[in-house]
Amino acid sequence: MGASGPWERPSNDLKRAWGLRNMDSFELNKIMGAILGTCLVLMATNFTAQAVFAPKPVEKPGYDIAVKEEPAGGAKVAAVASEPIEKLLQTASVEKGQAASKKCASCHTFEKGGPNRVGPNLYGVINDHVGQGRNGFNFSAAMKAKGGNWSFEELNKFIANPKGTVPGTAMGFAGIQKDSERADLIAYLATLADTPVPLPTAAK
Ligand code: HEC
């Protein structure tokens, strides 16, 4: 660009130059318009996509890992087994119990000699010591302090409401509220032993 620009010499040159400039800005406008338009389209697409594909809250999580919330005031949820386990076991199904054990399988193995995971292996747990052994599983202080054995009854209470039965337990599981499902599960656990544990009879 020399010193004699279109500003200094109004002429055809200037007109042409202006024309060119106008063209330039026209082109520029078109480009800007295209970019803006693209942005708008992108925004609109994004917006609709969010509206269409908005993640819906999962209705049922894969396994009930959430800890049940205690109602305000600290009142304990009455998740204590309503029916005696002896009675519930009379109609329990080992097959259904095995299916129900999938809820525990994220943390527990069930087969003999199975590894400890988040929770201990559960082979032969019925009538075994609470919070002991299990191939050196590192139990919480709360579980170690509970003492006693996993009788059908204790297990029933624990599975119904782990945190309520053993406050401070490391088992982050909400519990199984359905009586029959718990009974199925316990009947299944009873088969997992070198000598399957006979189910208790109703008369007690
Ligand atoms: C989120 C992981 C998790 C899930 C799911 C889970 N558990 Fe546990 N479980 C644990 C942990 C961790 C412990 C050890 C608790 C402690 O030390 O306080 C445990 C301990 C236990 C014990 C005590 C074992 C012993 O030798 O004292 C039993 C019985 C048990 N779980 C049964 C079950 C059953 C049955 C289910 C399914 C209905 C289940 N758990 C689901 C993590 C889990």
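I looked up Asn 127 and found it in the loop between α3 (94-100) and α4 (141-146). Helices here are DSSP runs of H or I with at least four residues, strands are runs of E with at least two, and numbering starts at the N terminus. The model is predicted: local features need pLDDT of at least 70, side-chain atom pairs count only at pLDDT 80 or more, and totals for chains, interfaces and linings use all residues. Residues are numbered from 1 along each chain as its sequence is written.

**Entry: the loop**

I checked the backbone of Asn 127 and read a positive phi of about 70°, although the residue is not a glycine. Most residues other than glycine have a negative phi. I counted 14 C-beta neighbours inside 10 Å of Asn 127, so Asn 127 is partly exposed (buried means 20 or more other C-beta atoms within 10 Å, exposed 12 or fewer, partly exposed in between, with C-beta atoms placed from the backbone).

I then went to Arg 134, which is also in the loop between α3 and α4. Arg 134 is not a glycine either, and its phi is positive, at about 50°. Arg 134 has 18 C-beta neighbours inside 10 Å and therefore counts as partly exposed.

**Entry: the whole chain**

I noted seven helices and zero strands. Of the 204 residues, 22% are buried. I looked at contacts (C-beta atoms, placed from the backbone, within 7 Å) between residues at least 6 apart in sequence, and 58% of them join residues at least 24 apart.

I read a mean pLDDT (the predictor's confidence in each residue, from 0 to 100) of 83, with 74% of residues at 70 or more. Over residues 73-78 pLDDT stays under 50, and the model has five contacts beyond four places in sequence for that stretch. Where pLDDT is low, the predicted coordinates should not be read in detail.

**Entry: helix α5**

How many residues of α5 are buried? I found seven of its nine, which leaves the helix mostly covered. The buried residues include Lys 157 and Phe 158. I traced what the buried residues of α5 pack against and got α2 (85-90), α6 (162-165) and α7.

Phe 152 lies in α5. I counted 22 C-beta neighbours inside 10 Å, so Phe 152 is buried. Leaving aside neighbours within four places in sequence, I listed its contacts as Ile 85, Leu 89, Ile 126, Ile 186 and Pro 200. I also checked Ala 187, which is 35 residues from Phe 152 in sequence and 9.0 Å away, C-alpha to C-alpha.

**Entry: α5 against α7**

I took the pair α5 (residues 152-160) and α7 (residues 179-191) and found an angle of about 130° with the axes 10 Å apart (axes are lines fitted to C-alpha atoms, over the stretch in contact for helices, and angles run from 0 to 180 degrees between N-to-C directions). The two helices are therefore oblique to each other (under 35 degrees is roughly parallel, over 145 roughly antiparallel, 65 to 115 roughly perpendicular, the rest oblique). I noted the crossing as right-handed (the near helix is turned clockwise from the far one by less than a right angle).

Which residues of the two helices meet? On the α5 side I listed Phe 152, Leu 155, Asn 156, Ile 159 and Ala 160, and on the α7 side Arg 182, Leu 185 and Ile 186. I sorted the residues of this contact into six nonpolar, one polar and one charged (Ala, Val, Leu, Ile, Met, Phe, Trp, Tyr, Cys and Pro are nonpolar, Asp, Glu, Lys and Arg charged, and the others, Gly among them, polar).
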